[in-house]
Amino acid sequence: MTEAALPAERRRPRWAVWLFAGAMALLGLFFLGLGKWQLDRLAWKEGLMADVAANMHQPPATFPPIAEWQHLDLDRWQYRPVTVTGRYEAGETVRVFVGLTDAARGQYHGPGYWIMTPLTLEGGGTVWIDQGFVPQAEADRFADGGGVPTGTVTLSGVAVPSESADMFTPTPDAAHRIDWTRDLGRLSKSLPAAAQPVAPLYIDLPAGARGALPQGGETVVDFPNNHLGYAATWFGFALTTFIMLAEWLRRQFKRGRA
């Protein structure tokens with residue numbers, strides 16, 4: 001049956017056929033673009049993981065001075081072993097709640113808190129020190145730092161980038177100095193003006209003796225890397241779209257509609 005013989009409601013103008021074909025082709029190209037973007041993200045993620053692995057195996061470096069903080073290259077310093085010298089401000093300790101999804105991996109685990117205590121540096125400014133994890137039942141003992149050393153101390157640990165609060169993060173409990181994320185901007189709002197500025201990285205202390213609290217050495221570099229799978233999915237959608245379009249056009253030409 002030719003197009004002229006088709007009932008009026010079943011006829012399709014040629015421009016509509018080509019408009020639909022163009023839209024499908026653009027959709028396929030869009031899927032290809034998403035696949036390419038995921039491959040670019042894969043290359044970036046692999047480069048980041050290589051940089052972090054290289055950083056963690058470097059010898060400890062002196063933490064950058066305050067004059068460099070504003071323009072600090074975080075990619076160069078994150079997860080790098082560092083040393084700092086300064087004085088603990090035990091009274092400014094903040095306990096950061098740890099849920100089951102972010103639980104510690106050592107002897108002690110489950111709900112608890114990261115014990116974050118600021119350290120006033122000899123050269124000026126403040127850096128937050130993550131002393132480690134304490135179980136929820138032990139948290140009150142560490143509300144004021146848990147007996148950190150007084151006077152000047154030199155510490156070694158791993159420089160870690162700030163976490164970021166989002167719209168679902170509860171507001172800090174200022175009265176009890178409890179927070180829900182190691183977001184340095186949020187933590188630093190509790191500090192007096194004299195403690196400013198605050199370093200853009202915090203330092204995670206290493207593990208101590210077995211059974212000692214806080215439980216340090218909890219930094220684990222584990223970047224999710226599913227970009228190859230996502231790329232395969234988008235390329236699969238693109239291939240399916242083009243195959244369906246080709247078959248549809250074949251039928252349109254066979255019926256004389258294109």
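Mentor: Two rings of Phe, Tyr or Trp (for Trp, the six-membered ring) form an aromatic pair if their centres lie within 6.5 Å; planes under 30 degrees apart count as stacked, over 60 as edge-to-face and the rest as tilted. The structure is a predicted model, in which local features need pLDDT of at least 70 and side-chain atom pairs count only at pLDDT 80 or more, while totals for chains, interfaces and linings use all residues. Residues are numbered from 1 along each chain as its sequence is written, and side-chain values use heavy atoms, with hydrogens and water left out.

Trainee: How many aromatic pairs does the structure hold?

Mentor: A pair of aromatic rings is described by the distance of the centres and the angle of the planes. In this structure, the number of aromatic pairs is 10.

Trainee: Which arrangement do the rings of phenylalanine 31 and phenylalanine 237 have?

Mentor: The centres of the rings of phenylalanine 31 and phenylalanine 237 are 5.5 Å apart. Their planes stand at 50 degrees, so the pair is tilted.

Trainee: How many residues apart in sequence are the parts that this pair ties together?

Mentor: Helices (H or I, at least four residues) and strands (E, at least two) are DSSP runs, numbered from the N terminus. Because phenylalanine 31 lies in helix α1 and phenylalanine 237 in helix α4, the pair ties together parts whose separation in sequence, in residues, is 206.

Trainee: Which class of accessibility does phenylalanine 237 have?

Mentor: Buried means under 20% relative accessible area, exposed over 50% and partly exposed in between (1.4 Å probe, protein chains only). Phenylalanine 31, at 13%, counts as buried. Phenylalanine 237 has 39% relative accessibility, so phenylalanine 237 counts as partly exposed.

Trainee: Which arrangement do the rings of phenylalanine 97 and tryptophan 180 have?

Mentor: The rings of phenylalanine 97 and tryptophan 180 have their centres 5.8 Å apart. Their planes are at 65 degrees, so the pair is edge-to-face.

Trainee: In which strand is phenylalanine 97 found?

Mentor: The pair links distant parts of the chain, 83 residues apart. Tryptophan 180 is in the loop between β7 (178–179) and α3, whereas phenylalanine 97 is in strand β3 (residues 94–98).

Trainee: What does helix α4 reach from its first C-alpha to its last?

Mentor: Helix α4 (residues 227–254) has 28 residues.

Trainee: Which helix is included in what covers the buried residues of α4?

Mentor: The buried residues of α4 include His227, Ala231, Ala238 and Leu245. Part of what covers the buried residues of α4 is helix α1 (14–56).

Trainee: Which helix supplies the largest share of the nonpolar patch?

Mentor: Patches are made of residues with over 30% relative accessible area and no salt bridge: like charges are joined within 9 Å, nonpolar side chains (Val, Leu, Ile, Met, Phe, Trp, Tyr) within 5 Å. Leu26, Leu29, Leu32, Leu39, Leu228 and Phe235 form such a nonpolar patch on the surface, with about 540 Å² of accessible area together. Both α1 and α4 supply at least two of its residues. The largest share, four residues, comes from α1.

Trainee: Is leucine 187 buried or exposed?

Mentor: Leucine 187 is found in helix α3 (residues 184–188). Not counting residues up to four places away in sequence, leucine 187 is in contact (heavy atoms within 4.5 Å) with residues including Val94, Met116 and Trp128. Its relative accessibility is 1%, so leucine 187 counts as buried.

Trainee: How many salt bridges does a search of the whole structure find?

Mentor: A salt bridge is a side-chain nitrogen of Lys or Arg within 4 Å of a carboxyl oxygen of Asp or Glu. Under this rule, the number of salt bridges found in the whole structure is 10.

Trainee: With which residue does arginine 182 form a salt bridge, the closest N and O atoms being 2.7 Å apart?

Mentor: Arginine 182 is buried, with a relative accessible area of 12%. At 2.7 Å between the closest N and O atoms, arginine 182 forms a salt bridge with aspartate 130.

Trainee: What is the N to O distance between arginine 186 and aspartate 179?

Mentor: Arginine 186 and aspartate 179 are buried. Their side chains meet in a salt bridge, with an N to O distance of 2.4 Å.

Definitions and conventions: The expected span of a helix is 1.5 Å times one less than its number of residues. Accessible areas come from the Shrake-Rupley method with a 1.4 Å probe; for residues, only the protein chains shown count as cover.
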